[in-house]
Amino acid sequence: MEHTTIAVDLAKSVFQVAISHKAGRVDVERRLSRERFLEYLAKQPPATVLLEACGSAHYWARRLQPFGHTVRLLPAHDVHRYVRRNKTDRTDTKGLLEAGRNDEIHAVPVKTVDQQAIASLHRLRSTWLATRTARLNTVRGLLREFGLVIPVGAQHVVPEVRALLAESSDVPDLMRPSLASACDEIESIEQHMRAVERQLTTLARDRDDIKLLQTVPGVGLLTATSFLT
């Protein structure tokens with residue numbers, strides 16, 4: 001019995017669609033705008049839809065499931081092994097079809113809206129953390145050039161720099177406004193990080209699964225909530 005498989009190469013505005021009614025061949029190919037994509041897939045009989053697990057794949061998977069389609073998100077690194085010749089939208093969809101035939105490739109579970117929202121909070125916090133670390137290291141390095149050493153520990157940097165700006169004449173006047181701005185930026189980033197942590201704390205109070213995870217030794221709020229994504 002034939003089973004239809006639809007491979008979709010997602011993009012920002014134009015999607016490449018390849019429909020296969022029999023393994024090893026492509027029967028229909030379409031290039032669809034973002035507006036026409038859902039309309040076209042809604043008219044197709046229930047099929048297995050293959051998407052590469054990247055970008056907006058989870059969003060589109062949730063939109064396609066109500067049409068009766070079974071959506072499989074395939075890991076990008078596995079799909080890339082099946083893309084032959086030059087990488088194009090057409091070869092990407094053919095690679096998806098071939099990868100979809102390999103039973104050893106495990107699909108990525110489709111995330112719910114809540115799971116994606118939690119993951120987004122973690123990504124924002126991680127981005128701010130990396131930015132804060134870069135700013136702290138920059139400030140430390142700049143002051144070290146003038147013989148001014150900040151004690152070890154991220155929590156010491158802003159207070160020490162503020163004190164140097166207020167009390168020390170060793171900081172060049174030319175640098176003072178920018179160092180003050182750097183301190184303001186670091187404090188602002190820390191406020192954003194604390195806001196995310198408060199959101200996750202509020203979430204943890206209402207979720208028994210998070211509370212259970214936090215009973216495991218060494219598992220704190222951030223680790224427990226990241227498990228849900």
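Predicted model: local features only at pLDDT ≥ 70, side-chain atom pairs only at ≥ 80, totals over all residues.
View 1. Helices (H or I, at least four residues) and strands (E, at least two) are DSSP runs, numbered from the N terminus. With 1% relative accessibility, Leu143 counts as buried (buried means under 20% relative accessible area, exposed over 50%, partly exposed in between, with a 1.4 Å probe and protein chains only). Ser13 is 130 residues from Leu143 along the chain, and their C-alpha atoms are separated by 48 Å.

**View 2. Helix 5 against helix 6.** Two packed helices are described by the angle between their axes and the distance between the axes. Here the angle is about 45° and the axes are 10 Å apart, which makes helix 5 oblique to helix 6. Axes are lines fitted to C-alpha atoms, for helices over the stretch in contact, and angles run from 0 to 180 degrees between N-to-C directions. Angles under 35 degrees count as roughly parallel, over 145 as roughly antiparallel, 65 to 115 as roughly perpendicular and the rest as oblique. In helix 5, Arg132, Leu136, Val139, Arg140 and Leu143 meet Ala154, Val157, Val161 and Leu164 in helix 6. By class, this contact has seven nonpolar, no polar and two charged residues (Ala, Val, Leu, Ile, Met, Phe, Trp, Tyr, Cys and Pro count as nonpolar, Asp, Glu, Lys and Arg as charged, and the others, Gly among them, as polar).

**View 3. Helix 6 (residues 154-167) beside helix 7 (residues 176-206).** These two helices pack at an angle of about 155°, with axes 10 Å apart, so helix 6 is roughly antiparallel to helix 7. Helix 6 contributes Val158, Val161, Arg162, Leu164 and Leu165 to the contact, while helix 7 brings Arg176, Leu179, Ala180, Cys183, Asp184, Ile186 and Glu187. Sorted by class, that is eight nonpolar, no polar and four charged residues.

**View 4. Helix 5 (residues 113-144) beside helix 7.** The angle is about 155° and the axes are 9 Å apart; helix 5 and helix 7 are therefore roughly antiparallel to each other. Their contact holds 15 nonpolar, four polar and six charged residues.

**View 5. The buried side of helix 1 (residues 34-42).** Look for Phe37, Leu38, Tyr40 and Leu41, the buried residues of this helix. They cover an arc of only 165° around the axis, which puts them on the same side of helix 1; the arc is that of the directions from the helix axis to the C-beta atoms. These residues pack against strand 1 (5-9), strand 2 (14-20), strand 3 (28-33), strand 4 (48-52) and helix 2 (57-64).

**View 6. Pro75 in the loop between strand 5 (70-74) and helix 3 (76-80).** At 12% relative accessibility, Pro75 counts as buried. Leaving aside neighbours within four places in sequence, Pro75 is in contact with Ala53, Ile105, His106 and Val108.

Key: Residues numbered from 1 in each chain as written. Heavy atoms only, no water. Contact = heavy atoms within 4.5 Å.
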